[in-house]
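Trainee: Could we go through this model together, slowly? I would like to learn how to read it.

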Amino acid sequence: MSIKDGGLMKLHRFFLIAWPSALGAALMEMLVFAVLDPMQIPQIENIPGMTTQGVYSMAFFVFWAAISFACSLTLILSQPVAQKHVAI
């Protein structure tokens, strides 16, 4: 990857989103499951073959996706606005 084609910048932006969102997802999972037993949720306990570890894994990826979305919006909104209109 070279700087000319923007590959390095895309990788940099990916890690600007992925790393903090993974840390946030891990923190959210710890906080949620410190007070909630996943097998006590009625919708989950009725699923055949669902294990506690499976619930933890699914919750981590759901939290990661939600926090990645928030980080992506933050990165998009932090970009400077181009001057499209001339001042009156």
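Mentor: Let us begin with a term: a contact means heavy atoms within 4.5 Å. In the protein chain, 60% of the contacts with a separation of 6 or more are between residues 24 or more positions apart.

Trainee: What should I know about the source?

Mentor: This is a predicted model, in which local features need pLDDT of at least 70 and side-chain atom pairs count only at pLDDT 80 or more, while totals for chains, interfaces and linings use all residues. Residues are numbered from 1 along each chain as its sequence is written, and side-chain values use heavy atoms, with hydrogens and water left out.

Trainee: How many helices and strands are there in the protein chain?

Mentor: The protein chain has 3 helices and 0 strands, where helices (H or I, at least four residues) and strands (E, at least two) are DSSP runs numbered from the N terminus.

Trainee: Switching to S21, is it buried or exposed?

Mentor: S21, which lies in helix α1, counts as buried because its relative accessibility is 0%, and buried means under 20% relative accessible area, exposed over 50% and partly exposed in between (1.4 Å probe, protein chains only).

Trainee: Which residues does S21 touch?

Mentor: Leaving aside residues up to four places away in sequence, S21 touches W64, I67, S68 and C71. The side chains of S21 and S68 also make a polar contact at 3.0 Å, that is, a pair of N or O atoms within 3.5 Å; within protein, one must be able to donate a hydrogen and the other to accept it, and residues adjacent in sequence count only if both atoms are side-chain atoms.

Trainee: And what about F15?

Mentor: F15 is also in helix α1, which covers residues 7-35, but F15 counts as partly exposed because its relative accessible area is 47%.
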